[in-house]
Amino acid sequence: MPLTELQGTGIFWREDGDPDGAPLVFANSLGTDHRLWDGVLSHLPPGFRIIRYDKRGHGLSDCPSRPYSMGALVSDAERLLDHLKVRDSLFVGISIGGMIAQGLAVKRLDLVRAMVLSNTAAKIGAHGTWDDRIAAVEAGGIEALADGTMERWFSKPFRTTPDMRVWRHMLTRTPVEGYLGCMAAIRGTDFYTPTSGLTLPTMVIAGSEDGSTPPDLVRETAELIKGARFELMRGAGHLPCVEQPEAYAALLADFARSVGHI
């Protein structure tokens, strides 16, 4: 299992699919790791070089001391793709991963020829809201936010299934330092101006039951990018790739074909 040292931080990544295929890069949400996309991969068509990685402080990657900046998270992705000799990728980012996608596209268009912004925004949440959540985790650990997070992440029917517990476990077992570090990065990020200057092919996905990045917020970000395609996944929450992996994969495949990526 590869762990690549990037400016002093070890970043875990894995590669699946066709090593000579069109690069498809996935960036995860807060409190999850590369396994977030497991259900999607089996539904994707052949022809992709699929790259997943754990952002700093999550999964099998190193957990440096907080706080983290969004610039550092973007640089991690940039250095990883440079290390893997990736150019012209289709970059799929969900939640904080979608913020990383925006920052990377602004910084390095040679790395990103098209992007999917899923359940994300140019700015997520108010500064004070993040302050409150950070204080709650500092006082009571991630467990203090776990139930409320599940309500924001998933639709009501999904929360009644045993599968929901898998994602709750993944959340609460995230290193606290990494979780807090990434919360601080989200709190300090406002991409309204740089994202409004982007013109690359973009698809933006929202979930109708998303309590973390509601559809109107996601649509607002789509409207910043000229020509962006907006898709609403009905009945899905903040992680539609978990609740509706086959439908999610179909959207990705259709978008990839529409921009000539496969």
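Predicted model: local features only at pLDDT ≥ 70, side-chain atom pairs only at ≥ 80, totals over all residues.
**α2 against α3**

From α2, Met-70, Leu-73, Val-74, Ser-75, Ala-77, Glu-78 and Leu-81 meet Ile-96, Met-99, Ile-100, Gly-103, Leu-104 and Lys-107 of α3. By class I get 9 nonpolar, 2 polar and 2 charged residues. Here Ala, Val, Leu, Ile, Met, Phe, Trp, Tyr, Cys and Pro count as nonpolar, Asp, Glu, Lys and Arg as charged, and the others, Gly among them, as polar.

Numbering runs from 1 along each chain as its sequence is written, and side-chain values use heavy atoms, with hydrogens and water left out.

Next I looked up the geometry. The axes of α2 (residues 70-83) and α3 (residues 96-107) come within 9 Å and cross at roughly 70°; axes are lines fitted to C-alpha atoms, for helices over the stretch in contact, with angles from 0 to 180 degrees between N-to-C directions. The two helices are therefore roughly perpendicular (65 to 115 degrees). Helices (H or I, at least four residues) and strands (E, at least two) are DSSP runs, numbered from the N terminus.

**The sheet**

I then traced the strand order: β1-β2-β4-β3-β5-β6-β7-β8, an open sheet of 8 strands with mixed pairing. Strands pair if DSSP finds at least two bridges between them. β1 (3-6) and β8 stand at the edges with a single partner strand each, so one side of each has no neighbour in the sheet. On average, neighbouring strands are turned by 25° against each other, direction ignored.

α3 packs on this sheet and touches β3 (22-27), β4 (48-53), β5 (89-94) and β6, its direction making about 140° with that of β5. I also found α10 (residues 215-222) packed on the sheet, touching β6, β7 and β8, at about 170° to the direction of β7.

**Strand β7**

Is β7 (residues 202-207) buried or exposed? I find 6 of its 6 residues buried, meaning under 20% relative accessible area with a 1.4 Å probe, protein chains only. Thr-202, Val-204 and Ala-206 point one way, Met-203, Ile-205 and Gly-207 the other.

β6 (residues 112-118) runs parallel to β7, joined by 4 bridges, and Leu-117 has Val-204 as its bridge partner. β7 and β8 (residues 229-233) pair in the parallel sense over 5 bridges. There, Ala-206 partners Leu-232, and Met-203 stands opposite Arg-229.

Key
Parallel < 35°, antiparallel > 145°, perpendicular 65-115°, else oblique. Contact = heavy atoms within 4.5 Å. Buried < 20%, exposed > 50% of the residue type's maximum accessible area, 1.4 Å probe, protein only.
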